[in-house]
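Please read them with the coordinates open.

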Amino acid sequence: MADTATLEINGVKHEFPVVTGTENEVAIDISKLRATTKGVITLDSGYKNTGACESAITFLDGEKGILRYRGYSIEELAEKADFLEVAYLLIFGELPTNEQLEKFHSDIKKHSFVDDDVKKILDAFPKAAHPMGVLASLTSALTSFNPSCVNVDSVEEMYNAIVRILGKFPILVAWTMRKKNGLPLYYGDDSLGYVENILKMMFKQPNQDKYIQNPILVNALDKLLILHADHEQNCSTSTVRIVGSSHAGLFASLSAGISALWGPLHGGANQAVLEMLEAIKADGGDTAKYMEKAKDKNDPFRLMGFGHRVYKNFDPRAKIIKKAADDVLSDLGIEDPILDIAKGLEKQALEDKYFVDRKLYPNVDFYSGIIYRGMGIPTDMFTVMFALGRLPGWIAQWREMRMRKEPIGRPRQLYIGETERKFVPVEKR
């Protein structure tokens, strides 16, 4: 392949470097396009063809159904690693030794408390407030309790900031759910593993002397958090990077990422799946009827949780989490018409020629919604759980962006408004 690409504008040719990534991805470096061409820019709505950065964290090939963290396949990580190992890998670049992992967990536990005044902020929210709005606000508020700027050139300060948010964030997640459910706030148990402690903080009842861990639920949540940990330059990750590029702090950048994740086209998709299932149930529960509606181009109904904008073949994460979903439902023995509808849709989609030919298979949002429902997590908390999983990916991306000293993000635009015109006094309009 040529080392340069030639762009001809008004008869004038301009050459730009062609660069290749380690997985043979090819990009045209247009960083000097505007200066070279005296003002010409590219137009790429949604940035679907634009590489905003170089990154060594996650590789994704949607056509082939490949997802790797730092070179390790998502299938192998989900089978052999736990969430804290994967978090360390994403943030620091290598899988930890046993000593590094123990220290990492110990340091996180040292920061597993939140200033008691944060409770006052939480108390100010009505119980009806959406948990994502609460989580974004509480995460942003952490900046006020940790006001010093992080010196990104200091390994120690960067490490301390990372273990601090990894320790405090699960508490904010658990408190958000307990506030919604009218339960007293709980700080957790530092004798437990990271994921086990999350479950206990969320579900321990005030009249319960001992919380009994269910290993199937622990395994399912551990896998879900791993599968959600990073996903290349998606909407929320790009938001974290661009906010951080202004040298905003880690907590402020993470809060922005939470807000971006909230939307139903992004992290809110698993909530949208359950809302769709509720609507089908309210209409009588006829899954065959809704499968036909989904195939009708003139019908506005959209089947949530099937297919993926990035994965054109299959979502590798869905293959992994399907078994965990089956295990959870089998172990808990739940009788729930919503989950029955979900299983009916899954069965029909996997057998229907229309869906098979178009590779519209159930995706990770479909199965994660089923698992969270089975675990007893409220529907509007689903995206909060997504944020909990995505936390190490956001941290890794923020850290990489700052350590590479990337410039402040400043996209251009193609102006299509009015040209210059004269002001008309109000009495003459």
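1. A network of salt bridges links Glu54, Arg241, Glu400, Arg404 and Glu406. The model is a predicted one, and the structure holds 27 salt bridges.

2. Another salt bridge joins Asp352 and Lys295, where the closest N and O atoms are 2.9 Å apart. It too links distant parts of the chain, the two residues being 57 residues apart. Asp352 is in the loop between helix H15 (337-351) and helix H16 (353-357), whereas Lys295 belongs to helix H13 (residues 287-295). Asp352 counts as buried because its relative accessibility is 18%, and the cut-off for buried is under 20%.

3. Lys353 forms a salt bridge with Asp357, and here the closest N and O atoms are 2.5 Å apart. Both residues lie in helix H16, 4 residues apart, which is about one turn of the helix. Are the two partners buried or exposed? Lys353 counts as exposed because its relative accessibility is 61%. Asp357, at 44%, counts as partly exposed.

4. Lys168, in helix H7 (residues 155-181), deserves a separate entry. Lys168 is buried yet has no salt bridge. Which side chain of opposite charge is nearest to Lys168? That side chain is Asp115, 8.3 Å away, while the cut-off for a salt bridge is 4 Å. Leaving aside residues up to four places away in sequence, Lys168 touches His111, Phe113, Val114, Leu142 and Asn146.

5. Turning to the strands, S1 (residues 4-9) and S2 (residues 12-20) run antiparallel and are joined by 6 bridges. Ala5 stands opposite Phe16 in S2. The two strands form a hairpin with 2 residues between them, and Asn10 in the turn has a positive phi of about 55 degrees.

6. S2 also pairs with strand S3 (residues 26-28), again antiparallel, through 3 bridges. In this pairing Val19 stands opposite Ala27 in S3. S2 and S3 form a hairpin with 5 residues between them. Its turn includes Asn24, which has a positive phi of about 65 degrees.

Notes:
Residues are numbered from 1 along each chain as its sequence is written. This is a predicted model: local features need pLDDT of at least 70, side-chain atom pairs count only at pLDDT 80 or more; totals for chains, interfaces and linings use all residues. Side-chain values use heavy atoms; hydrogens and water are left out. Two strands pair if DSSP finds at least two bridges between them. Buried means under 20% relative accessible area, exposed over 50%, partly exposed in between (1.4 Å probe, protein chains only). Lys and Arg count as positive and Asp and Glu as negative; His and the chain ends are not counted. Contact means heavy atoms within 4.5 Å.
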